[in-house]
Amino acid sequence: MNDSIQRDELKKRLDNGDPMVLVEALPERHFHSGHLPGAINIPHEEVSALAGTALPDKDVTIVVYCANTGCQNSRIAAGFLRGAGYRNVLEYVEGKADWQEAGYPLET
């Protein structure tokens with residue numbers, strides 16, 4: 001199973017309205033400065049406390065991302081979610097920087 005998703009596939013799924021939850025694993029201040037369309041914020045250090053409420057459906061596709069390939073927040077959050085029984089967790093490893101480099105907008 002491939003546990004990651006690339007920008008073009010993510011963009012396609014968003015454009016098609018595929019059911020998924022997009023999770024930014026960065027601290028709140030980074031989320032408010034701009035995030036991928038429709039994303040919710042669950043900072044990696046708060047995922048254990050917030051996942052049960054913010055992500056009640058363990059079968060939904062969850063895409064976790066952070067700043068860029070050097071940022072480990074999404075890896076940490078995705079690992080926790082998988083360990084907590086979430087069955088469809090993908091990591092957008094290249095993150096927000098890759099999204100912006102492609103010219104795609106962020107929401108604020």
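**Stop 1: a strand covered on both faces**

Select β3, where both faces are covered: I62 and V64 on one side, and V63 and Y65 on the other, are all buried (under 20% relative accessible area; over 50% is exposed and in between is partly exposed, with a 1.4 Å probe and protein chains only). In a regular strand, side chains alternate between the two faces of the sheet. Before moving on, note that this is a predicted model, in which local features need pLDDT of at least 70 and side-chain atom pairs count only at pLDDT 80 or more, while totals for chains, interfaces and linings use all residues. Residues are numbered from 1 along each chain as its sequence is written, and side-chain values use heavy atoms, without hydrogens and water. Strands (E, at least two residues) and helices (H or I, at least four) are DSSP runs, numbered from the N terminus.

**Stop 2: the sheet**

Now show all the strands: 4 of them form an open sheet with parallel pairing, in the order β2-β1-β3-β4. Two strands pair if DSSP finds at least two bridges between them. The edge strands, each pairing on one side only, are β2 (40-41) and β4 (89-92). Select V21 and you will find its bridge partner I62 in β3; β1 and β3 run parallel, joined by 4 bridges. Next pick E24, whose bridge partner in β2 is N41. From β3 the chain crosses through α4 to β4, a right-handed β-α-β crossover (with the strands pointing away from the viewer, the path from the first strand over the helix to the second runs clockwise).

**Stop 3**

Select residues 73-83, helix α4, which lies across β3 and β4 and runs at about 175° to β4. Axes are lines fitted to C-alpha atoms, for helices over the stretch in contact, with angles from 0 to 180 degrees between N-to-C directions.

**Stop 4: K96**

Go to K96 in helix α5 (residues 95-101). Is K96 buried or exposed? K96 is buried, at 9% relative accessible area. Beyond its neighbours within four places in sequence, its contacts include E24, H30 and Y65 (heavy atoms within 4.5 Å).
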